[in-house]
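Please look over the sequence and the fold shown below before reading on. The paragraphs that follow begin with a single side chain and then widen to the helices around it.

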Amino acid sequence: MSSSPPSRGRPRDPRSHEAIIRATAELMVEVGYAATSIGAVAARAGVGKDTIYRRWPGKPELVFEAVFTTTDDLPPPDTGTLAGDLTVLLQGLVDEFRAPAAAAALPGLLADFAADPELRARIRGDFLAPSKARLLVVFERAVLRGEIAGETPVDLVLDTLAGAVFFHIGLIGEHPDQELAALLAAVVAKGIEVR
């Protein structure tokens, strides 16, 4: 016997979700964050605005999901070493930040985050926390291999890695080569290794 209540209304169509995400990313590249509206996304995706508002409270959450969660469904890497796993994770993050949609979305999203503490909390809770939780296994395996201590501050390590990528790409506008991910991974893995 199921303990969940029966769903109301029609089930959500995953094709609509994908069309909305794709339309949002395309509009970011074509017209930028400021000129992208829920109405424009709905028209491009071939759905009603209500369909979008049932899934996302507003434009910032929609844009964040469309642009900055592209690697969230990938399984956590398992290369056999913490440095190897971090390199894979960081390369995905570098690629995500380097995408044209991300470059177009970032300034507007940052302005919205700065102006709205509730938005920051929603992004942190709805997107960042689950993403971090998914990556804990990388560090748990490193503990089991004896590479890092069990009390390693994983949240801080993940924030440090994301912050370094954001700094290089989002703030100073570098176009890093493949070496950035490996270099950052090596520095952090060495810094938190068991001595």
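Is Phe64 buried or exposed, judged by its relative accessibility? At 10% relative accessibility, Phe64 counts as buried, where buried means under 20% relative accessible area, exposed over 50% and partly exposed in between, computed with a 1.4 Å probe and protein chains only. The model is a predicted one, in which local features need pLDDT of at least 70 and side-chain atom pairs count only at pLDDT 80 or more, while totals for chains, interfaces and linings use all residues. Residues are numbered from 1 along each chain as its sequence is written, and side-chain values use heavy atoms, with hydrogens and water left out.

The protein chain has 9 helices and 0 strands, and its pattern along the sequence reads α-α-α-α-α-α-α-α-α; helices (H or I, at least four residues) and strands (E, at least two) are DSSP runs numbered from the N terminus. Along the principal axes, the C-alpha atoms of the protein chain fill a box of roughly 55 × 55 × 30 Å. Of its 195 residues, 41% count as buried, and the accessible surface of the protein chain comes to about 11,100 Å², with 59% of it belonging to carbon and sulfur atoms. These areas come from the Shrake-Rupley method with a 1.4 Å probe, and for residues only the protein chains shown count as cover. Among the contacts in the protein chain with a separation of 6 or more, 71% are accounted for by residues 24 or more positions apart, contact meaning heavy atoms within 4.5 Å.

Phe64 belongs to helix α4 (residues 59–68), and this helix is largely enclosed by the rest of the structure, because 10 of its 10 residues are buried. The buried residues of α4 include Lys59, Glu61 and Glu65 as well as Leu62, Val63 and Phe68. They pack against α1 (14–35), α2 (38–45), α3 (49–55), α5, α6 and α7.

Consider next how α1 meets α4. The two pack at an angle of about 100 degrees, with their axes 9 Å apart; axes are lines fitted to C-alpha atoms, for helices over the stretch in contact, and angles run from 0 to 180 degrees between N-to-C directions. That makes α1 roughly perpendicular to α4, since angles of 65 to 115 degrees count as roughly perpendicular, those under 35 as roughly parallel, those over 145 as roughly antiparallel and the rest as oblique. On the α1 side the residues that meet α4 include His17, Ile20, Ile21, Thr24 and Met28, and on the α4 side they include Lys59, Leu62, Val63 and Ala66. By class, this contact of α1 with α4 has 11 nonpolar, 2 polar and 2 charged residues, where Ala, Val, Leu, Ile, Met, Phe, Trp, Tyr, Cys and Pro count as nonpolar, Asp, Glu, Lys and Arg as charged, and the others, Gly among them, as polar. Thr24 lies in helix α1 and is buried, with a relative accessible area of 0%. Leaving aside neighbours within four places in sequence, Thr24 is in contact with Val41, Leu62, Val63 and Ala66.

The structure holds 5 aromatic pairs, counted where rings of Phe, Tyr and Trp (its six-membered ring) have centres within 6.5 Å, with planes under 30 degrees apart called stacked, over 60 edge-to-face and the rest tilted. Phe64 and Phe113 form a tilted pair, 6.3 Å centre to centre with 55 degrees between the planes. This pair links distant parts of the chain, since Phe113 sits in helix α6, 49 residues apart from Phe64, and Phe113 counts as buried at 15% relative accessibility. Phe68 and Phe97 form another tilted pair, 5.3 Å centre to centre with 50 degrees between the planes. Phe68 lies in α4 and Phe97 in helix α5 (residues 82–98), so the pair ties together parts that are 29 residues apart in sequence; Phe68 and Phe97 are both buried. Ring pairs link Phe64, Phe68, Phe97, Phe113, Phe127 and Phe166 into a cluster.

Phe113 leads on to a further helix contact. The axes of α6 (residues 100–115) and α7 (residues 117–144) come within 5 Å and cross at roughly 115 degrees, and the two helices are therefore roughly perpendicular to each other. Their contact is made by Asp112, Phe113, Ala114 and Ala115 of α6 and Pro117, Leu119, Arg120 and Ile123 of α7.
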